[in-house]
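Okay, thanks for coming, everyone. Let me put the structure up and walk you through a few parts of it.

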Amino acid sequence: MRSDPIDRTARGAALAAALLVALAVCPVSGQAQAGQGQRIQTMVIDPGHGGMETGAKGKFGNLEKDITLAISLKLKALVERNMGFEVVLTRDKDVDVSVENRSAIANNRKAGLFISVHSNGAVQKKAAGSETFFLSLNATDEETRRLAYLENNSSALQSRIDPSSDDDLMMILWDMAQTAYIKQSGQLAEMVQGELDALLGTRNRGIKQAPFKILTGVACPAILVEAAFISNPEEEQKLASEEFQSKVAEAIYRGLARYLRMPE
Amino acid sequence: MANNKKAKKPKPVLILGALSIVLLVLVIIFFTGGGREKVARFIDANLPKTPAAAGEPAATKTVTLFFLDDDDDFLHGETRPIAAGPTANEEAERALAELIKGSEGSLVSPLPPQTKVRQVFIGKDGVATVDFSRDVAEKFAYGSTMELAAVYAVVNTLAFNFKAVKKVVILVEGAEKETLGGHVDLTRAFLPDYSLVAR
C-alpha cells in the first residue's frame with residue numbers, strides 16, 4: 001500500500017489547489033474592487049445543449065439547442081461591440097459539447113463571467129415566462145462544512161500550498177469551483193432577470209437556485225438564463241423570431257452592464 | 001517436525017479460545033468492514049415492517065405521491081394505498097411505479113410513462129438509491145423546469161413517505177448519469193425540497 005499516503009497527500013493538495021486556483025482564476029472576487037467588471041478580460045457564453053442533445057422541444061418543432069445558439073451569437077456580438085472584453089462561446093455551431101468541456105473552456109480561458117443561455121420546457125403547456133438561475137449547493141452536511149472551511153481558511157492555505165497541475169486534481173477542483181462565487185452569481189442573476197422582466201414583456205418568474213450541472217464547475221460568477229418556454233406554443237413562436245431573440249440578448253447585455261457597474 | 005508435533009497436541013481450551021476469537025473477528029468484519037450494503041440488506045430483511053392497517057394480512061400503506069398541476073409550477077401531493085412490505089425497498093419501488101403511472105385525478109406525472117423502476121435500495125446511511133430504466137432520460141426532451149420537477153417528484157416522494165430516507169441518488173440503467181436532459185446534476189445526492197410543494 002505504498003500509494004496510500006501519496007493519495008492522502010494528493011487529496012489534501014487537491015483541496016488546497018482547488019481554493020488557490022479558484023481564487024486566482026477569478027480576480028473579481030476581491031472584496032475591495034471598485035466595480036465587478038474591473039479586471040474581467042474574458043467572458044464565456046454557453047449556448048445550452050447542441051448536437052444529439054436537443055434540449056426541450058416545441059410543438060412546432062423548434063429545438064432548444066437552436067434557439068440558445070441564436071441568442072448566444074447575438075449576445076456575443078453585443079458584448080464585443082460595447083464592452084472591452086473577449087467573448088468565448090462554448091460552441092458556435094450545432095455540435096455536442098460535454099458539460100465538463102463547457103466549464104473547462106471557461107476555466108481554461110480564465111473567464112470572469114459565465115452565462116449559459118437556455119429556453120425552458122415544462123410539462124404544463126401554460127407555463128410561461130423568463131427566469132434566471134444560479135447554483136444551489138443542495139448542500140449536505142459534509143459540503144457545508146467544506147464550504148465553511150474554504151471560506152475561513154482560504155488565505156492561509158493560499159500562502160502555504162503550491163498548486164499542482166495534475167489533471168485529477170483539476171477535476172476535483174472544478175467539481176466544487178462555483179461554491180466560492182455563489183453570492184456574486186446571485187447578484188448577476190438579479191441584474192439580468194430585472195432587465196429580462198423589463199424588456200421581454202413575458203411573465204417574470206424571478207431568480208431561482210437549482211443544482212444545475214453546468215454551473216457547478218465554473219470558477220467565476222455564473223448564471224443560467226431561461227429566456228422563455230419553448231414548451232408553450234405562444235412563447236415558442238416568440239423564441240423562434242429574430243426580434244425576440246435580439247431582445248433577450250439585449251436584456252442579458254443590459255443586466256450584465258448593470259452588474260459590472262456594481263460596487264464591491 | 002517439532003512444529004508438527006506441537007500442533008498435534010494442542011489443549012482443547014486453546015482450540016476453543018482460538019475459534020471464538022476467529023468468530024469474533026468475523027462478526028466484527030461483517031458489521032463494520034465495508035459491507036454496508038450487506039448489513040443494510042440483512043437488517044431490512046429481518047426488521048418487522050410497520051403494518052399500515054394494524055397488522056392485518058394483505059396490509060396496505062398509504063403513500064403521498066407528488067405530481068404537477070396544469071395551473072401552477074408546484075408539486076401537489078396525491079395519496080393512494082400501495083401494498084405494504086415485506087421491505088421498505090419494495091414499498092419504495094411500488095410508490096415510484098405509482099408516481100410514474102400518474103395521477104388518479106387531474107394532476108400530471110412529471111416522469112415519462114414508459115419509465116421502469118429497476119430497483120430502489122435504501123442504505124443504512126439514509127441514502128436511497130433509485131435505478132430507473134433509460135426511458136426516464138430518453139422519452140422526454142426535458143427543459144429545466146420539467147427536469148427539476150421530475151427529479152424532485154422522485155426525491156420528495158421517497159423522503160416524504162419513508163422515514164429512513166434522508167437523501168436520494170438517481171441512477172439510470174444501473175449507472176451514474178450526469179443529468180436526465182442536460183440540466184439537473186445527478187452526480188450528487190439530493191435532499192428533499194418541500195418548497196417546491198404547493199401549500
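I'll start with the ground rules, then take the contact between the chains, a sheet and a helix.

This is a predicted model, so to speak: local features need pLDDT of at least 70, side-chain atom pairs count only at pLDDT 80 or more, and totals for chains, interfaces and linings use all residues. Residues are numbered from 1 along each chain as its sequence is written, with chains lettered from A and ligands numbered from 1 in the order in which they are written.

So, the contact. Chain B puts in 25 residues and chain A 27; contact here is C-beta atoms, placed from the backbone, within 7 Å. On chain B's side, helix α6, residues 144-161, gives the largest share, 5 residues. Helices are DSSP runs of H or I, at least four residues, strands are E runs of at least two, and both are numbered from the N terminus.

Pairing takes at least two DSSP bridges. β5(B) and β6(B) pair antiparallel over 2 bridges, and B:V172 sits opposite B:A175.

Last, over in chain A, the buried residues of α2(A) include A:I67, A:L69 and A:V79; buried means 20 or more other C-beta atoms within 10 Å of a residue's own, all placed from the backbone.

Note on methods
Two residues are in contact if their C-beta atoms, placed from the backbone, lie within 7 Å. A residue is buried if 20 or more other C-beta atoms lie within 10 Å of its own, exposed if 12 or fewer, and partly exposed in between; C-beta atoms are placed from the backbone.
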